[in-house]
Amino acid sequence: MTKKHIIILLLGPLLGIIAGSLKVYHSIAIWEYTGPEKVFVIKPGEGFAKINHHLATEELINSSKLFYRYNKVKGTMGSFKAGNYSIKPGTNMLQVIDILTTGKGQTVSVTIPEGKNLYQVADILESEKITNKEEFIKLSKDPDFVSSLGVPASRLEGYLYPETYHFAKNTPAKTVIKTMINVFNDKTSEIDFSKTNLSKHSVIILASVVEKETGASFERPQIAGVFHNRLRKKMRLQSDPTTIYGIWENYNGNLRKRHLLEKTPYNTYKIPALPIGPISNPGIESIKAVLNPDTHKFLYFVSKNDGTHIFSETYKQHRKAVNEFQKNSKNRKGKSWRDLNKK
């Protein structure tokens with residue numbers, strides 16, 4: 001066999017590979033989607049095979065085989081991210097891959113405010129079409145699921161961290177919850193919970209009460225100090241928000257005297273201790289306030305109707321403050337906690 005024949009034999013397969021590569025490149029880089037703009041959805045947990053099949057079915061790629069071959073060679077088969085993606089006319093398959101693997105999809109931005117409870121969080125998420133309300137609540141109250149996330153409680157109240165999130169629409173509740181718990185763990189990872197004689201879970205419980213008692217951030221350490229003082233003296237916390245949480249699913253917005261007399265595991269007018277669990281989802285500042293409360297002798301506080309409170313050391317002083325700020329209509333008229341936003 002001559003040297004020329006050997007070269008031809010070697011070049012043959014190589015030329016075939018080159019030709020095949022050019023065909024793949026043509027399909028991947030040259031072919032373009034010509035239909036109308038489409039929203040392509042990748043569901044959380046969806047594998048490459050399904051994604052590839054759906055892309056081909058919706059004619060967003062012209063060959064599922066070539067799409068598979070290209071992604072296998074490039075090592076991107078496991079890089080596709082859940083989300084809603086806009087695919088426009090003129091998009092080639094290289095661009096489709098870039099869009100779907102960088103996660104630049106149509107996500108919904110949703111802010112969970114501090115102090116919302118799990119029922120309110122579920123309402124917010126469903127209103128934004130992110131996840132199903134009933135499923136979110138069910139999972140949040142499922143002891144086995146809660147335990148699997150490492151939360152030391154029977155429900156996730158207190159651990160659904162208030163933050164701005166970005167989720168795709170119709171995200172499974174389990175995925176949403178795990179994301180929120182991960183953020184809680186991240187935000188509290190450097191906090192020293194041993195600074196108090198309370199357990200970590202008790203800190204979160206008390207922080208959830210502090211969060212509900214004031215909208216004035218500068219008051220949190222002072223209010224935390226009041227509750228610490230009462231706990232040391234084995235006094236009831238007598239916090240209206242704890243009573244409301246205990247009857248939440250039957251609460252119509254009006255707190256009555258009969259509610260204060262109803263014994264529930266959350267009603268701190270009836271139990272001389274912390275409620276059985278958190279009553280809201282506190283932010284980091286309320287958690288820090290519980291761990292670093294102001295040192296004072298106050299045992300009482302009452303709203304001044306503008307979002308702030310007046311603090312008292314004795315019950316006599318407290319009754320005077322109640323008469324002045326709550327029973328005197330002149331001091332209530334035209335006042336609102338929203339006034340805080342103007343300060």
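This tour goes through one predicted model, selection by selection.

**Before you start**

Residues are numbered from 1 along each chain as its sequence is written. In this predicted model, local features need pLDDT of at least 70 and side-chain atom pairs count only at pLDDT 80 or more, while totals for chains, interfaces and linings use all residues; side-chain values use heavy atoms, with hydrogens and water left out.

**The whole chain**

Show the protein chain as a cartoon. It has 14 helices and six strands; these are DSSP runs numbered from the N terminus, with helices being H or I of at least four residues and strands E of at least two. Of the 343 residues, 44% are buried. Buried means under 20% relative accessible area, exposed over 50%, and partly exposed in between, using a 1.4 Å probe and protein chains only. Among contacts with a separation of 6 or more, 63% are between residues 24 or more positions apart. A contact here means heavy atoms within 4.5 Å.

Most residues other than glycine have a negative phi. Select Glu59, in the loop between helix H2 (48-57) and helix H3 (64-74). Its phi is positive, about 60°, although Glu59 is not a glycine. Glu59 is exposed, at 56% relative accessible area.

Next select Lys234, in the loop between helix H10 (220-232) and helix H11 (240-246). Lys234 is not a glycine, yet it has a positive phi of about 60°. With a relative accessible area of 69%, Lys234 is exposed.

**H3 against H4**

Select H3 together with helix H4, residues 93-102. Two packed helices are described by the angle between their axes and the distance between the axes. Here the axes come within 12 Å and cross at roughly 60°. H3 is therefore oblique to H4. Axes are lines fitted to C-alpha atoms, for helices over the stretch in contact, and angles run from 0 to 180 degrees between N-to-C directions. Angles under 35 degrees count as roughly parallel, over 145 as roughly antiparallel, 65 to 115 as roughly perpendicular, and the rest as oblique.

Show side chains at the contact: Phe67, Tyr70 and Asn71 in H3 meet Met93, Leu94 and Ile97 in H4. These divide into five nonpolar, one polar and no charged. Ala, Val, Leu, Ile, Met, Phe, Trp, Tyr, Cys and Pro count as nonpolar, Asp, Glu, Lys and Arg as charged, and the others, Gly among them, as polar.

**Asn117**

Move to Asn117, in the loop between strand S3 (108-111) and helix H5 (118-127). Is Asn117 buried or exposed? Asn117 is buried, at 3% relative accessible area. Leaving out residues up to four places away in sequence, Asn117 touches Glu157, Tyr245, Trp248, Ile279, Ser280 and Asn281. A polar atom of the Asn117 side chain lies 3.0 Å from the backbone nitrogen of Tyr119.

**Two histidines**

Select His259 in helix H12, residues 257-261. His259 counts as buried at 8% relative accessibility. Its side chain makes a polar contact of 3.2 Å with that of Arg258. A polar contact is a pair of N or O atoms within 3.5 Å; within protein, one must be able to donate a hydrogen and the other to accept it, and residues adjacent in sequence count only if both atoms are side-chain atoms. Beyond four places in sequence, His259 is in contact with Thr243, Ile247, Asn254 and Asn267.

Finish at His318 in helix H14, residues 315-325. His318 is buried, at 13% relative accessibility. Not counting residues up to four places away in sequence, His318 touches Tyr300, Phe301, Val302 and Ser312.
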